[in-house]
Each structure stands twice: as structure tokens, then as C-alpha cells.
Amino acid sequence: MSRHEDNAEAQALFAEFAALPEDSPRRPAMRDQLVTMHLPLARHLARRFNNRGEPLEDLTQVAMVGLINSVDRFDPARGVEFLSYAVPTIVGEVKRHFRDHGWAVRVPRRLKELHLSLNSAVAELSQRNGRAPTATELASYLNISREEVLEGLEAANAYRSSSLEDPVRGDESLPTLANTLGDDDKELEGVEFRESLQPLLKQIAPRERRIVILRFFGNMTQSQLAEQLGISQMHVSRLLAQTLAQLREKLMADE
Amino acid sequence: MQESIAASSPEADGEVIEVRLPAAPTHLPVLRTFTADLAARLDFNLDEVADLRMAVDEACSGLVSRATKATQLICSFTLEPDALWVIVSAHTTDGTPPARDTFGWRVLTALVDTVDTDADGDGHVTVKLYKRRAGSVA
């Protein structure tokens, strides 16, 4: 069958799919059919990212998720072809995977999955209790053993965070950062060694700088910082530890 | 939860875990991981676990940078029902405790409930960190 015919068939199917009522018993089967007929596309896109440190099997799975999302969200009424909608969606999903799942060392897949569930459990429980959870609370929430939680927390340390060396290229999540930096400086008023600290703080990225000031001079907890910055507590923890080490090195060099 | 000010040294009947390692920066990651795992096992919440890890790193980095050659860094962890003492010491070249008007001191006091220091006049410097567990008390 030619590609053109493929596309025509897909378009017809999508039109039919879209016309079905939400609760139609035919929906699941048609959805499967639409996903299945585009599997080669997902595999092809996943292969484009092969040999970049993530197993092809994982990439393919992520691409499938992108494909399923595309099928679910595609609206044929908007007049674009499915492919022009699906390709960027799938590629976006794979790229996000690279961004979110970068590990500094090889970590078994089971631990990576555990890390993901821990991360969301930490967010959920912090929200609920207004403070970070303990290992026991995580274990009961996730219905796994405490030992597994501890193992997962340890593995979290092997997780590669967005490096401090990364340039802060327009972090969309923090549009008002520049405006709030002035406020952060207020926290430094009355600090004896402000004179020596400020030039050092100026050398670190705005987000890291803000985390350091609010944690050590503004008395905010890591969970509170995580919530304010829209990143995970574990991410705050890593950023803080890295920045602290960096500052310490600079301070010692100055001595 | 008790509001009383922390005692200035560990309870005599607390369980003690001692770790000794060469006072060199290359060994500090082991101690950081050990501290974090111990704190998580004691059910400190994750904020407190991260705080303890950083506090121990900060205290030990300071000691290690001034440690005399081939000396040992001695870290003792005393487990109390709702708190943890971490006492780190090493023999240093200058024998003076960390200065209190520094960023490093600010970091330590922000991370744990009590920080205290000791110098025996013979080159040994000790930093005592005390952290209470808010944990599930909230």
C-alpha cells in the first residue's frame, strides 16, 4: 500500500473515530487500530535518538506514549494531517525523556521507575502534610517496603540533575526571577560577611543563587523552595548541595 | 514536642555509631551517603535528611581542609529517640574551631538545630551538630 493510501485510510479512520460518542463501545478498538497502524512511525522516531545513552527499548516505549497521546488528542476537524501533529508530539515526548531521565551512572530500570514513583509520592505527600515525608510514610503511601524506599532514595543520588554548568537559558518556569532577585537580597541585610559573600553569589546562576539565599538566609525548607520554584524537592536538594560545594571551593580559594 | 533547649552533649544511653576515615576530600562522599541513609532510616523527613547530609559535608569539608597530614576524621553519630547528634573531629594544623562570622557557619546553623565547637588546645578540633526530628510529629 502506498504511503498516500495509508494516510488516506488514517484520515478516514480518524474522522470516524472523532465522530464516535465518548462512551461508544467501538472507541477502544478503533483507538487500538489507530495506534497500531502508526507503530512503525513511533519506532522510526525512537531510532533517531538511539545511541545517546538511553536503551532503544525505553525510547521506543516513550515514543509509543507520545503516539498514544497524539491519537487521543488529535482533532481532525482542525484540518491538519495526523502525521504533522504526531511527529512533533512523539519527538517532544522522547526529548522530554532525555531531559527528565538523565542518569549519571547506569541504574537498573526498576530503580529508575522507583525513583519516578518516589518523586511523585514526595510531591503528593509534601502537598498534603505541608512538609517533606519520611521513609516510613513513603513506604506506606506507595505500598512498598521501607527498604525499597531507602534503596530508591539512595539511587536518587545517582540521578543527573540539570548541571550547574548549564547556562540558564531562559527558564520558562521562572519568568519573574529577575524581578525577585532584589527581594532576595533583603535577606542578606545585617549579615556580617555580606560584603565577601555577595560577589560570590553573583557568580552563580540566578536560580541557584535564589535557592541558597532563601534556604540559608530566608529560613525556607527545601520542600517550600521546591513548591515555589515548581521543581521537585530532590532537585532542590541536589542544586543546593552542588551550589554549596561550588561556593565552598571559591571561598577556600579566596582564603 | 519538647521546647527545651537541646543538651550540649549526647545522652549517655544513646546508641553510638562511629565512622573513621582518612581526613581527605575523596572520602567525604561515603560519609555523606552514610549520613543520609542513617537519617532516612531514623525516619527524619526528606528535608531533614538533606539538611543533615549537607551539614555533615560542610562541617567535614572545613575540618578536612585544615587537617594535618595522614590524620583520621572521626565521626560519631548518637541516636536519641527524637534527635541525632553528629560529632566530627580531626587533628588540624591550626587547632582553631571554625569562625562564627562566616558563610560556612551560617550554613551549619541553618541546617541543624544546634552547632557547637570544641578545641582541645592540642590541635584537635570538634564540631557538634544536633538535629531534632520533626518527622511525623508535625
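**Reading burial, cores and contacts**

Reader: Does His91(B) count as buried or exposed, and why?

Author: His91(B) counts as buried because it has 21 C-beta neighbours inside 10 Å. The cut-off for that label is 20 or more other C-beta atoms within 10 Å. Keep in mind as we go that this is a predicted model.

Reader: Where in chain B does His91(B) lie, and which residues does it touch, leaving out those up to four places away in sequence?

Author: You will find His91(B) in strand β3 of chain B, which covers residues 83-91. Leaving out residues up to four places away in sequence, His91(B) touches Ala67(B), Thr68(B), Thr71(B), Gly123(B) and His124(B). Now look at Asp122(B): this residue is 31 residues from His91(B) along the chain, yet their C-alpha atoms are separated by 8.3 Å.

Reader: What about chain B as a whole: how many helices and strands does it have, and in what pattern?

Author: Chain B has three helices and five strands. Of its 138 residues, 41% count as buried. Taking contacts in chain B between residues at least 6 apart in sequence, 68% join residues at least 24 apart.

Reader: How should I read a nonpolar core?

Author: The general idea is that in soluble globular proteins, nonpolar side chains tend to be buried together. Here the largest nonpolar core has 67 residues, and the members touching the most others are Ala39(B), Ala55(B), Ala59(B), Leu63(B), Leu73(B), Val86(B) and Val88(B). Helix α2 of chain B, residues 46-65, gives the most to this core, with 11 residues. To see one member up close, find Val88(B): not counting residues up to four places away in sequence, Val88(B) touches Val56(B), Ala59(B), Cys60(B), Leu63(B), Leu73(B), Cys75(B) and Val127(B). There is also a second, separate core of 13 residues, with Leu59(A), Ala63(A), Phe74(A) and Ala86(A) among them.

Reader: And how do I read the place where two chains meet?

Author: The size of an interface is often given as the accessible area lost when the parts come together. Another way is to list contacts: 31 residues of chain A are in contact with 24 residues of chain B. On the chain A side, the elements giving two or more residues include α6 (109-129), α7 (135-142) and α13 (233-254). The largest share of that side, nine residues, comes from α13(A).

Reader: What classes of residue make up the side of chain A that touches chain B?

Author: That side has 15 nonpolar, 10 polar and six charged residues.

Note on methods: Residues are numbered from 1 along each chain as its sequence is written. Chains are lettered from A and ligands numbered from 1 in the order in which they are written. This is a predicted model: local features need pLDDT of at least 70, side-chain atom pairs count only at pLDDT 80 or more; totals for chains, interfaces and linings use all residues. A nonpolar core is a set of buried Ala, Val, Leu, Ile, Met, Phe, Trp, Tyr and Cys residues joined through C-beta atoms within 7 Å. A residue is buried if 20 or more other C-beta atoms lie within 10 Å of its own, exposed if 12 or fewer, and partly exposed in between; C-beta atoms are placed from the backbone. Two residues are in contact if their C-beta atoms, placed from the backbone, lie within 7 Å. Ala, Val, Leu, Ile, Met, Phe, Trp, Tyr, Cys and Pro count as nonpolar, Asp, Glu, Lys and Arg as charged, and the others, Gly among them, as polar.
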